[in-house]
Every structure is written in C-alpha cells, then in structure tokens.
Amino acid sequence: MAGWFELTKSDANGQFSFALKAGNGEQILKSEQYTTKAAAQNGIESVQKNSPLDERYQKLTAKDGRPYFNLLAGNSQVIGTSQMYSAESGRDNGIASVKTNGPTETIKDLT
C-alpha cells in the first residue's frame with residue numbers, strides 16, 4: 001500500500017502542518033507549522049520533489065544520542081523531520097521509506 005500526506009490545522013493556534021505516512025499508517029516525516037494552508041501545500045510539493053534525492057537528507061543525532069534525519073529543500077531549508085530512532089539502521093530505513101513514499105500525490109486534507 002502506498003503512503004500519503006495528511007494535512008492538518010491546529011486547534012490551538014490555527015496553523016497548518018503535514019505528515020507523511022507510510023502505507024502501514026506510520027508517520028515517517030513531520031513538517032514545521034505554517035501560517036497558511038497554501039504554504040503547507042507548498043511544503044508537501046517540496047517533499048514530493050526532494051524526497052527521492054540522496055543529497056537532501058541530513059543525518060543527525062539528538063542530544064540524547066538517538067539518530068534522526070531532516071529532509072531539506074534545494075535552498076537547504078528543513079521541510080520535514082523524522083521521529084527519533086533507537087539505532088542508525090532505523091534512521092536509514094526511515095530515509096528509505098521517505099524516498100519511496102515521498103513522491104506520492106495522495107493528500108488527505110483533514111483541515
């Protein structure tokens with residue numbers, strides 16, 4: 001089963017964000033918050049465009065030692081951040097999943 005994007009609006013502050021979900025429903029990438037729906041939709045388009053490219057992934061380690069990654073746009077801005085993983089192999093599998101699912105055109109608008 002293919003992955004999809006979920007576009008949501010925060011009840012707390014009215015801002016928009018999106019998550020990329022794998023075919024099994026697991027969240028594999030989360031965006032920052034955007035002030036407009038159009039800006040969040042542009043973020044989704046950026047993920048669709050940049051997710052297949054190896055050079056757009058920034059492998060990082062949190063202060064507590066857990067690995068994670070960011071997906072970068074062509075201008076080096078962060079367009080999505082992964083969950084924290086317990087091992088580098090999990091992070092690498094997460095990157096592979098974003099590469100596979102990121103180009104999807106399926107968007108579930110929950111706003």
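I began with D64 and R66: the two form a salt bridge, with their closest N and O atoms 2.8 Å apart. I noted that this is a predicted model. I then looked up how open each partner is. D64 has a relative accessibility of 52% and counts as exposed. R66 comes to 39% and counts as partly exposed.

**Salt bridges**

How many salt bridges are there by this rule? I get a count of seven.

I turned to K37 and D109 among them. Their side chains meet in a salt bridge at 2.6 Å, N to O. K37 belongs to helix 1 (residues 37-50) and D109 to strand 7 (residues 107-109), so the pair ties together parts that are 72 residues apart in sequence. K37 is partly exposed, at 28% relative accessibility. D109 is also partly exposed, with a relative accessible area of 40%.

Next I looked at D92 and K59. Their side chains meet in a salt bridge, 3.2 Å from N to O. This pair links distant parts of the chain, 33 residues apart: D92 sits in helix 2 (residues 88-101) and K59 in strand 4 (residues 57-61). I find D92 partly exposed, at 33% relative accessibility.

**Aromatic rings**

I listed the ring pairs and found four aromatic pairs in the structure. I took F5 and F18 from that list. Their ring centres are 6.0 Å apart and their planes stand at 75°, so I log the pair as edge-to-face. The cut-off behind that label is over 60 degrees between planes. F5 is in strand 1 (residues 4-9) and F18 in strand 2 (residues 16-21), 13 residues apart, and the pair links distant parts of the chain.

I followed F18 on to Y34. F18 and Y34 form a stacked aromatic pair, with 6.2 Å centre to centre and 15° between the planes. Stacked here requires planes under 30 degrees apart. F18 lies in strand 2 and Y34 in the loop between strand 3 (27-30) and helix 1, so the pair ties together parts that are 16 residues apart in sequence. Y34 has 18% relative accessibility and counts as buried. The cut-off for buried is under 20%. I put the ring pairs together: they link F5, F18 and Y34 into a cluster.

I also looked up W4. K108 lies over the face of W4, at 3.9 Å from the ring centre.

**Helix 1**

I went back to helix 1, where K37 lies. Helix 1 has 14 residues. From first C-alpha to last it reaches 20 Å, close to the 20 Å expected at 1.5 Å a residue.

Which residues of helix 1 are buried? I find A40, G43, I44, S46, V47 and N50. Seen down the axis of helix 1, these buried residues fall within an arc of 160°, so they line one face of the helix. An α-helix has 3.6 residues a turn, so residues three or four places apart point the same way.

**The hairpin of strands 5 and 6**

Last, I looked at strand 5 (residues 67-72) and strand 6 (residues 78-81). The two run antiparallel, and three bridges join them. I looked up one partner: N70 has T81 of strand 6 as its bridge partner. The hairpin has five residues between the strands.

Where is S76 found? S76 is in the loop between strand 5 and strand 6. I checked its backbone. The phi of S76 is near 70°, a positive value in a residue other than glycine. I also checked its exposure. S76 is exposed, with a relative accessible area of 52%.

Key:
Residues numbered from 1 in each chain as written. Predicted model: local features only at pLDDT ≥ 70, side-chain atom pairs only at ≥ 80, totals over all residues. Heavy atoms only, no water. Salt bridge = Lys/Arg side-chain N within 4 Å of Asp/Glu carboxyl O. Helix = DSSP H or I, 4+ residues; strand = E, 2+ residues; numbered from the N terminus. Buried < 20%, exposed > 50% of the residue type's maximum accessible area, 1.4 Å probe, protein only. Pairing = 2+ DSSP bridges. Phe/Tyr/Trp six-rings, centres within 6.5 Å; stacked < 30°, edge-to-face > 60°. Lys NZ or Arg CZ within 6 Å of the ring centre and 35° of its normal. Expected span 1.5 Å × (residues − 1). Arc of directions from axis to C-beta.
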